[in-house]
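Please examine the sequence and the model shown below before reading further. The paragraphs that follow lead through the structure step by step.

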Amino acid sequence: MTRSVMRLVPHTIRHEPKSGVTYETFCVTVGCGEESGPQEEQETAQDWCLRHTGRTGHDLFRRVFTDYARVTREQWAPAS
Ligand SMILES: [Zn+2]
């Protein structure tokens with residue numbers, strides 16, 4: 001009889017700095033729907049909110065920060 005053994009292979013997940021972080025803001029005032037679009041700088045997304053409030057009076061925004069994560073397989077030595 002042959003037995004097979006399922007082994008868990010350990011993996012690690014980490015922020016991928018090369019891909020950066022994206023900042024995006026969305027006006028949540030009912031009926032508006034405007035958004036900053038993805039920005040590389042947080043300040044640019046926040047400036048969009050300030051300008052939008054000045055123009056429309058809308059003062060509540062949903063902020064989304066997106067980063068990238070990479071999963072790598074950990075190196076391991078098979079049991080001898
Ligand atoms: Zn708005």
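**The metal site and its surroundings**

The site of the zinc ion is tetrahedral, with angles of 107 to 112 degrees among its 4 donor atoms. For comparison, the ideal angle for four tetrahedral donors at a metal is 109.5 degrees. The model discussed here is a predicted one.

Which residues coordinate the zinc ion? The donors are Cys27 through SG, Cys32 through SG, His52 through NE2 and His58 through ND1, at 2.0 to 2.3 Å. Along the chain, these donors follow the spacing C-x4-C-x19-H-x5-H. Cys27 belongs to strand E2, whereas His58 lies in the loop between helix H1 (42-56) and E3; the pair therefore ties together parts that are 31 residues apart in sequence.

Are Cys27 and His58 buried or exposed? Both residues are buried. For Cys27, the relative accessible area is 7%, and a residue counts as buried when this value is under 20%. Cys27 can also be related to Arg63: the two are 36 residues apart in sequence, and their C-alpha atoms are 9.0 Å apart in space.

Strand E2 comprises residues 21-27 and is mostly covered, since 6 of its 7 residues are buried. Its partner is strand E3 (residues 61-67); 7 bridges join the two strands, which run antiparallel.

Aromatic side chains come next. How many aromatic pairs does the structure hold? There are 2 aromatic pairs. In one of them, the ring centres of Tyr23 and Phe65 are 5.4 Å apart and the ring planes stand at 80 degrees, so the pair is edge-to-face. The reasoning rests on a cut-off: planes over 60 degrees apart count as edge-to-face. This pair links distant parts of the chain, with Tyr23 in strand E2 and Phe65 in strand E3, 42 residues apart. Tyr23 has a relative accessible area of 19% and is therefore buried, whereas Phe65, with a value of 45%, is partly exposed.

The rings of Trp48 and Phe61 form a pair with centres 5.9 Å apart and planes at 80 degrees, so this pair is edge-to-face. It too joins distant parts of the chain: Trp48 is in helix H1 and Phe61 is in strand E3, 13 residues apart. Trp48 and Phe61 are both buried.

Two glutamates in loops complete the tour. Glu16 is found in the loop between strand E1 (11-15) and E2. Its relative accessibility is 11%, and Glu16 therefore counts as buried. What does the side chain of Glu16 make a polar contact with? The partner is the side chain of Arg70, at 2.8 Å.

Glu34 lies in the loop between E2 and H1. With a relative accessible area of 32%, Glu34 is partly exposed.

Conventions:
Residues numbered from 1 in each chain as written. Predicted model: local features only at pLDDT ≥ 70, side-chain atom pairs only at ≥ 80, totals over all residues. Heavy atoms only, no water. Buried < 20%, exposed > 50% of the residue type's maximum accessible area, 1.4 Å probe, protein only. Helix = DSSP H or I, 4+ residues; strand = E, 2+ residues; numbered from the N terminus. Pairing = 2+ DSSP bridges. Donors = N, O, S within 2.8 Å, 3.2 Å for Na, K, Ca; no water. Tetrahedral: all angles 85-135°; square planar, octahedral: opposite > 155°, others 65-115°. Phe/Tyr/Trp six-rings, centres within 6.5 Å; stacked < 30°, edge-to-face > 60°. Polar contact = N/O pair within 3.5 Å; in protein donor to acceptor, adjacent residues only side chain to side chain.
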